[in-house]
Amino acid sequence: MGLLTILKKQRLKDKEMRILMLGLDNAGKTTIVKSILGEDIHKVSPTLGFSIQTVNYQDTYKLNIWDVGGQATLRPFWRNYFEKTDFLIWVIDATALTRLDDCRTELHKTLNEDRLIGAGLLVWINKLDTLDETEIEKIIPFVEKQLNLEALRRHHNLRVLGCSAYSGLNLQEGLDYVVSEVKGRLYALD
Ligand code: G3D
Ligand code: MG
């Protein structure tokens with residue numbers, strides 16, 4: 001067992017998880033974190049560096065969520081945050097589907113990094129409150145295809161969920177997946 005795995009398992013014993021949240025700028029990453037924390041979601045400004053927020057999950061686990069700015073100029077710095085990451089949350093803007101090409105490139109590049117090998121992945125398609133029912137039905141298969149998620153499934157446990165930071169839709173479901181994936185994977189390494 002590598003040193004990093006031992007460190008990760010120790011953190012799990014301490015009931016902590018390190019979650020990295022990435023995606024293109026404006027996807028709604030910071031708003032999602034604020035919404036989960038019950039903070040005012042209308043007071044969000046672009047993330048210029050990064051911020052770490054701790055979410056208490058069912059009074060058991062502390063999820064340290066690293067929310068890193070997604071502007072093109074900041075993306076080269078993402079790699080500084082990969083070490084010790086237990087799980088990657090990738091946020092997509094359902095109102096900016098023309099950016100999916102850019103998004104696919106960044107997502108695959110990120111998950112190709114050695115330090116993210118085997119990390120679990122949640123793709124949150126945010127801002128579903130702006131879509132009607134027929135659009136919502138189509139968006140998950142569309143994003144799966146455009147982002148070529150099938151290729152990532154070979155090496156990563158992966159879940160795709162539509163969500164809304166505004167309405168709170170599927171935020172809890174997403175966190176449930178994060179915690180169960182990390183626990184399942186790290187315990188399985190015993
Ligand atoms: P980022 O951290 O990924 O860069 P932000 O994104 O959290 O800063 O959000 C970018 C913009 O998207 C913000 O609008 C924010 O209010 C909006 N947004 C975030 N989540 C949702 C959502 O669930 N639904 C809708 N409709 N909008 C959302 P402004 O206008 O402040 O730029
Ligand atoms: Mg932000």
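This is a predicted model: local features need pLDDT of at least 70, side-chain atom pairs count only at pLDDT 80 or more; totals for chains, interfaces and linings use all residues.
Local features need pLDDT of at least 70 and side-chain atom pairs count only at pLDDT 80 or more, while totals for chains, interfaces and linings use all residues. Side-chain values use heavy atoms, without hydrogens and water, residues are numbered from 1 along each chain as its sequence is written, and ligands are numbered from 1 in the order in which they are written.

| Side chain | Ligand 1 atom | Distance |
|---|---|---|
| Thr30 | oxygen | 2.9 Å |
| Thr31 | oxygen | 2.5 Å |
| Asp129 | nitrogen | 2.8 Å |

Taken alone, ligand 1 exposes 660 Å², of which the protein buries 75% (Shrake-Rupley accessible areas, 1.4 Å probe).

Ligand 1 takes up the space of the largest pocket; a molecule sits in a pocket if more than half of its atoms lie within 2 Å of the pocket's grid points. A pocket is an open set of points on a 1 Å grid over the protein atoms alone, where a 1.4 Å probe fits, with protein on both sides within 12 Å along at least five of seven lines; lining residues have an atom within 4 Å of a point. The largest pocket holds about 410 Å³, a volume being the space filled by probe spheres set on the points. Among its 23 lining residues, Asn26, Ala27, Gly28, Thr31 and Val44 are closest to the centre.

How values were computed:
A polar contact is a pair of N or O atoms within 3.5 Å; within protein, one must be able to donate a hydrogen and the other to accept it, and residues adjacent in sequence count only if both atoms are side-chain atoms.
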